[in-house]
Amino acid sequence: MAVKSFYVKQGERILGPYEYGQLDGFFRQGLFTDGDQVSGDQIDWEPFGDWIARPAPEEPSEPDKPAAIVPPKPVMAQEEWLELAVLLKSSRNSLLPCFILAALLGLAGILIALVVAAAREPLEPLPLIARGLRQVGELGEFIFWILSLIALYRCWKLVPAEDRRPRSPLAMVLLLLIPLFNLFWGFVAVCGLATRLNRINRAPGSTPVINAGLILAGYSLALILCIVRMMLYINPETRIPLMIPFLGFLQFILDGGVVVAITFAARQLASSQA
């Protein structure tokens, strides 16, 4: 009789059982690779690439097939999931107020500066107020980015080590501190994180914990704004008054919103797995 179910070994993890059709679909989606191991009895293992290249096994003769078995949760102790859920809740509760406060202060500073620029007569106290609000807003942004690095580190700890390059969550985050290189690395450490969070729950038909496409679009737009700001700094004669602070404000909204959204999704994922 043909084997009805199969198991997959990824590193030290054993996932399954799965039917042939499920494994074929997961392989096409990129959830399993040629380097993974497949077995029908968890004793004799063979590379996934060799196994999938052979003709499909015969379907079982029973008239009633068993219900589809969803992939199991990643191997992690419940205490670890619970600890990460608590830490991510702390990050979420600190990130959101800081993000909102920094955004409001920055926006208020820009609006007051616009009023001053449009006024026909000097408005003595307002320029000082606008400058002060923008400076306090920049301080809030700095604090927000420190909290963001901590949150991203905690989010990466949810991802299995074999799905991280480099394997250390700390390295994933610290590489964001390298000037210019971080423009590229953000696609890995931020956009890639959203994709990997969706992989943790592999159940067919399950709803992704976060819209990875929207995260990619938000980060890409923020990167474009960053490049435009750098060009304005290099060419002072092309500057428009208050354009650089306004572009910086928009970039902060996009980048900050992406980090907040990922932190919320990671917190929800950790709570559901605990």
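**Close-up views of a predicted model**

**View 1. Helix H4 and its span.** Helix H4 (residues 125-156) has 32 residues that should span 46 Å at 1.5 Å a residue, and because its end C-alpha atoms are 46 Å apart, the two values agree; the expected span is 1.5 Å times one less than the number of residues. Helices (H or I, at least four residues) and strands (E, at least two) are DSSP runs, numbered from the N terminus. This is a predicted model, in which local features need pLDDT of at least 70, side-chain atom pairs count only at pLDDT 80 or more, and totals for chains, interfaces and linings use all residues. Residues are numbered from 1 along each chain as its sequence is written, and side-chain values use heavy atoms, with hydrogens and water left out.

**View 2. The buried residues of H4.** Among the buried residues of H4 are Ala-130, Gly-137, Gly-140, Phe-144 and Trp-156, where buried means under 20% relative accessible area (1.4 Å probe, protein chains only). The buried residues of H4 pack against helices H3 (78-118), H5 (169-174), H6 (181-200) and H8 (243-273), with contact meaning heavy atoms within 4.5 Å.

**View 3. Strand S1 and its partners.** Four of the five residues of strand S1 (residues 6-10) are buried. S1 runs antiparallel to strand S2 (residues 13-18), to which four bridges join it, and Phe-6 stands opposite Tyr-18 in S2; two strands pair if DSSP finds at least two bridges between them. Two residues lie between S1 and S2 in their hairpin, and Gly-11 in the turn has a positive phi of about 65°. Strand S3 (residues 37-39) is also antiparallel to S1, through three bridges, and Lys-9 stands opposite Gln-37 in S3.

Note on methods:
Buried means under 20% relative accessible area, exposed over 50%, partly exposed in between (1.4 Å probe, protein chains only).
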